[in-house]
Amino acid sequence: FLISAVVPARVSGFVLDPAGRAVNGAVVRVADEGRGRVVEVRSSEAGLFRVAGLAAGAYDFSVRADAVE
């Protein structure tokens with residue numbers, strides 16, 4: 001018999017302002033419009049964001065932050 005495994009992907013990174021400082025609470029949006037799936041997460045105090053459980057494919061990323069000094 002045949003065994004197949006699908007391993008979900010993940011992406012992580014940092015949200016930084018133009019001066020290179022971490023942006024806390026930025027909304028990172030990861031969208032797979034073809035499948036109709038959108039995930040939004042917030043960056044940590046260190047600017048870190050993580051999104052897990054993604055299927056293989058192409059994604060659009062966007063970042064929104066209220067005020068960046």
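In the predicted model, V27 stands opposite R42 in strand 3, and in strand 5 the bridge partner of V27 is R64.

With strand 3 (residues 37-42), strand 2 pairs in the antiparallel sense over 6 bridges, and the two strands form a hairpin in which 4 residues lie between them. Within the turn of this hairpin, G36 has a positive phi of about 70 degrees. With strand 5 (residues 60-64), strand 2 likewise pairs in the antiparallel sense, here over 5 bridges.

Taken together, the pairings give an open sheet of 3 strands in the order 3-2-5, with antiparallel pairing. Strand 3 and strand 5 are the edge strands of this sheet, each pairing on one side only, and from one strand to the next the twist averages 15 degrees.

The loop between strand 3 and strand 4 (48-54) contains S43. This residue has a relative accessible area of 5%, and S43 is therefore classed as buried, the cut-off being under 20%. When neighbours within four places in sequence are left aside, S43 is in contact with V15, V23, N24, G25 and A26, as well as with L48 and F49.

Definitions and conventions: Residues are numbered from 1 along each chain as its sequence is written. This is a predicted model: local features need pLDDT of at least 70, side-chain atom pairs count only at pLDDT 80 or more; totals for chains, interfaces and linings use all residues. Side-chain values use heavy atoms; hydrogens and water are left out. Two strands pair if DSSP finds at least two bridges between them. Buried means under 20% relative accessible area, exposed over 50%, partly exposed in between (1.4 Å probe, protein chains only). Contact means heavy atoms within 4.5 Å. Axes are lines fitted to C-alpha atoms, for helices over the stretch in contact, and angles run from 0 to 180 degrees between N-to-C directions.
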